[in-house]
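Dear colleague,

I am passing on the structure we talked about, and I would be glad if you could look through it before reading the notes that follow.

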Amino acid sequence: MDLRGAQVTALHDGEGVWPRLVRLQGFSYASIQSRDGLRGYDATRRVEWIRREPGYAPQPYEQLASWYRQVGHEDDARKVLLAKQRHRRSTLHPAGRVWGHLLDALVGYGYRPWLAGAWIMALTILGTVVFGAHSPKQAQPGQGPPFSALVYTLDLLIPIGGLGQRTAWYWPGGSTAQWLSYALIAAGWLLTTAVVAGVTRSLNKS
């Protein structure tokens, strides 16, 4: 089915309507009306139809997301745009695909920012448990705040500013706690970069 460049007032869809191969680049519609067998606003099923287009075409995703927003289904619009980014990822060079997988896992390309909060919570729990089971050394004995495993972990994860723990305490070289502290610093920067990149991408390209 070749619908490239076509414009219709209403798109009628349903089970068995779409063939295996479709060409939708430039196809636009003002509304979608579902026939029997398709439940209401099934974004997952409609994305499957878009994926029947040979290669990657962004416009069908954007058209569908625009319609979902028009009818007030913002969550479905985000699902479609997330599917668009995942499809686009398959067309990138290896480094781009790796970064894309990271953006997807950390913030869902900016369409699932709550993922970053889940990662921070999990890493905070991990750091608090591990650091709480070890004894750090004071950078300047007798000075600085008392050690708090929770605050120390947050200080490592927050790349900007400081809570005073990271500079006041340190771990013996080669210890598990030392390597974990390095990993948490890197994770904090990675999460921050992913959030900024993902949100910027979703604002600029959705």
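Of the 206 residues of the protein, 39% count as buried, and please keep in mind from the start that this is a predicted model. The accessible surface comes to about 11,300 Å², and carbon and sulfur atoms account for 59% of that surface.

As for the overall form, the C-alpha atoms fill a box of roughly 75 × 35 × 25 Å when the box is taken along the principal axes. The radius of gyration of the protein is 24 Å, whereas a compact globule of 206 residues would have one near 17 Å. Among the contacts between residues at least 6 apart in sequence, 53% join residues that are at least 24 apart.

Turning to the interior, nonpolar side chains in soluble globular proteins tend to be buried together. In this model the largest nonpolar core holds 44 residues, and V80 and F131 are the ones that touch the most other members. At least two residues of this core are supplied by each of β2 (28-34), α1, α2 (58-70), α3 (74-89), α4 (94-107), α5 (114-132), α6 (149-157) and α8 (176-205). The largest share, 6 residues, comes from α8. If residues up to four places away in sequence are not counted, V80 touches A43, V47, Y61, L64, A65 and Y68.

Is T153, for instance, buried or exposed? T153, which lies in helix α6, is buried, because its relative accessible area is 0% and the cut-off for buried is under 20%.

E48, by contrast, lies in helix α1, which covers residues 43-50. E48 has a relative accessible area of 43% and is therefore partly exposed, since that class lies between the 20% and 50% cut-offs. The C-alpha atoms of E48 and V129 are separated by 43 Å, and these two residues are 81 residues apart along the chain.

Finally, on charge, the protein carries 22 positive and 13 negative charges, and the mean positions of these two sets are 7 Å apart.

With best wishes

Terms used:
Residues are numbered from 1 along each chain as its sequence is written. This is a predicted model: local features need pLDDT of at least 70, side-chain atom pairs count only at pLDDT 80 or more; totals for chains, interfaces and linings use all residues. Side-chain values use heavy atoms; hydrogens and water are left out. The radius of gyration is taken over C-alpha atoms; the globule rule is 2.2 Å times the number of residues to the power 0.38. Buried means under 20% relative accessible area, exposed over 50%, partly exposed in between (1.4 Å probe, protein chains only). Contact means heavy atoms within 4.5 Å. Accessible areas come from the Shrake-Rupley method with a 1.4 Å probe; for residues, only the protein chains shown count as cover. Lys and Arg count as positive and Asp and Glu as negative; His and the chain ends are not counted. The place of a charge is taken as NZ of Lys, CZ of Arg, CG of Asp or CD of Glu. Helices (H or I, at least four residues) and strands (E, at least two) are DSSP runs, numbered from the N terminus. A nonpolar core is a set of buried Ala, Val, Leu, Ile, Met, Phe, Trp, Tyr and Cys residues joined through side-chain atoms within 4.5 Å.
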